[in-house]
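Here is a short briefing on one model, grouped by topic. Look at the sequence and structure first.

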Amino acid sequence: MNHFEEYCTKFVQATGNKEGAVSTPITNSASFAYGDPVTAEGIFEGTVKKPLYSRMGNPTTAKLESVLAQMDGGVGAIATSSGMGAITLATMSIVNAGDEIISIGGLFSGTYSFFTETLSRFGVNSHFFDVEELQGIKNAINDNTKIIFLESVGNPNMRLPDIKAIANIANEAGVLLMIDNTVTPLCISPLALGADAAIYSTTKIISGNASALGGCVVYRAVNEGSDKLKTPRYKDLSKIVTKMKKMAFIAIAKKRALRDFGVSANANASYQTLLGLETLALRVPRVTNSVEIIVKALHKNGIDVNHPSLESHPHHQRYLNDFSLGCGSLITIDMGTKEKAFDFLNKTKLATLTANIGDSRTLVLHMDSTIYRDIPQDAKKFLGITDGLIRVSIGLENPQDIINDFIQARG
Ligand SMILES: *Cc1c(COP(=O)(O)O)cnc(C)c1O
């Protein structure tokens with residue numbers, strides 16, 4: 001049974017119910033009656049497992065969290081109001097003023113701004129590295145380094161990291177590794193590769209159709225014996241780690257971020273996301289297969305397309321070895337100039353012009369004039385943004401229709 005087939009069964013079974021409502025009920029309530037004071041006390045103490053208040057957890061959202069935790073083999077998960085909410089939760093629950101983050105890879109613009117403009121205001125500084133700078137990453141680790149943050153696929157530079165090598169560096173140094181796996185759910189299993197947390201914007205291919213904004217962080221269990229979290233580097237977390245044992249990451253995220261920042265998922269979005277999950281294992285291979293067909297055809301027709309499935313891509317071998325299930329829906333095409341890029345975008349009849357990715361529909365966007373307009377020139381270079389760069393997220397359409405449309409749009 002291949003990986004996707006396994007998940008077809010898992011997801012549809014996990015989102016259904018054999019006795020009651022087959023589709024997950026939407027619990028549209030912000031608060032929950034406790035009944036009697038002893039139960040209320042138990043709920044607040046954590047000994048009674050009933051909902052406390054929807055900012056801290058909601059039954060519909062809990063269902064989503066359990067399915068996402070299963071997807072990545074985590075001990076638990078926390079769903080959030082957006083992908084940025086998930087990144088906020090994962091990082092802010094760990095760092096204090098004076099701490100440092102090492103960030104590796106292409107980096108989504110929102111994450112880049114969050115690290116450079118927002119976290120820095122709170123005294124948390126980030127260092128950025130390309131996926132190939134392993135020695136630089138090692139050298140940058142010091143006593144204040146709390147998180148190594150990695151994106152599974154450079155968006156939009158399409159560079160692929162050697163995840164195992166980076167996980168080895170993080171684990172040898174005893175630093176937490178968090179992987180933003182938004183672009184490659186099911187293709188990459190961050191926790192199995194040595195990460196401590198997998199981060200998702202579920203807005204993208206997990207929901208899959210622009211119907212719900214959402215995010216999620218899936219955490220590994222904390223080990224009974226020695227564990228990174230039990231070292232002096234994370235001494236400020238030791239009380240929670242001692243008390244909550246294997247569930248400590250979940251407790252840390254709830255107590256040190258979810259409760260106070262309030263980036264909680266809402267029940268309606270969680271329901272929509274669960275619907276998306278039921279078909280995720282069908283959609284991912286459809287998209288990754290289409291991507292390879294489209295990339296090949298565009299390349300053959302002289303379009304400057306960037307994707308690691310091309311032999312000429314510097315990470316082609318890594319793509320074959322480590323990303324054998326594909327690397328998501330993204331490709332980029334470089335039209336050379338802004339003018340030619342705009343011309344292409346005006347002429348495409350099939351693609352939708354928008355900032356999203358991972359949708360049922362094929363989406364396109366000129367990078368430099370939109371998402372990256374406020375990013376300084378040297379950072380653009382690092383992130384791979386050129387004047388004519390268009391990011392494309394391939395959808396579920398017939399790949400030949402996309403090829404035909406793009407070739408006519410190129411003119
Ligand atoms: C979209 C995206 C995010 C942010 O998610 P939102 O749901 O838009 O907040 C984070 N990381 C990556 C890789 C993304 O593509």
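Both faces of strand β6 are covered: Ala197, Ile199 and Ser201 on one side, Ala198 and Tyr200 on the other, are all buried. Buried means under 20% relative accessible area, exposed over 50%, and partly exposed in between, with a 1.4 Å probe and protein chains only. The model is predicted, so local features need pLDDT of at least 70 and side-chain atom pairs count only at pLDDT 80 or more, while totals for chains, interfaces and linings use all residues. Residues are numbered from 1 along each chain as its sequence is written, and side-chain values use heavy atoms, with hydrogens and water left out.

**Strand β6 and its partners**
- Strand β6 spans residues 197-201; five of the five are buried, so the strand is largely enclosed by the rest of the structure.
- Helices (H or I, at least four residues) and strands (E, at least two) are DSSP runs, numbered from the N terminus.
- Strand β5 (residues 176-180) pairs with β6 in the parallel sense, over three bridges. Pairing requires that DSSP finds at least two bridges between the strands.
- Within β5 and β6, Asp180 stands opposite Ile199.
- Strand β7 (residues 215-219) runs antiparallel to β6, joined by five bridges.
- Ala197 faces Tyr219 of β7 as its opposite residue.

**Helix α4**
- Helix α4 covers residues 83-92, and nine of its ten residues are buried.
- Among the buried residues are Gly83, Ile87, Leu89 and Met92.
- At the helix start, a side-chain oxygen of Ser82 comes to within 3.4 Å of the backbone nitrogen of Met84.

**Second largest pocket**
- This pocket holds about 230 Å³ of space.
- A pocket is an open set of points on a 1 Å grid over the protein atoms alone, where a 1.4 Å probe fits, with protein on both sides within 12 Å along at least five of seven lines; lining residues have an atom within 4 Å of a point.
- Its lining has 20 residues, and Gly83, Phe108, Thr182, Ser201 and Lys204 lie nearest its centre.
- The elements giving two or more residues to this lining are α4 and β6.
- By class, the lining has nine nonpolar, eight polar and three charged residues.

**Largest pocket**
- The volume of the largest pocket is about 1100 Å³.
- Of its 29 lining residues, Ile43, Gly46, Lys49, Met56 and Lys254 are the closest to the centre.
- Helix α9 gives the largest share of the lining, five residues.

Conventions
A polar contact is a pair of N or O atoms within 3.5 Å; within protein, one must be able to donate a hydrogen and the other to accept it, and residues adjacent in sequence count only if both atoms are side-chain atoms. Grid points are joined across faces, edges and corners, and a volume is the space filled by probe spheres set on the points. Ala, Val, Leu, Ile, Met, Phe, Trp, Tyr, Cys and Pro count as nonpolar, Asp, Glu, Lys and Arg as charged, and the others, Gly among them, as polar.
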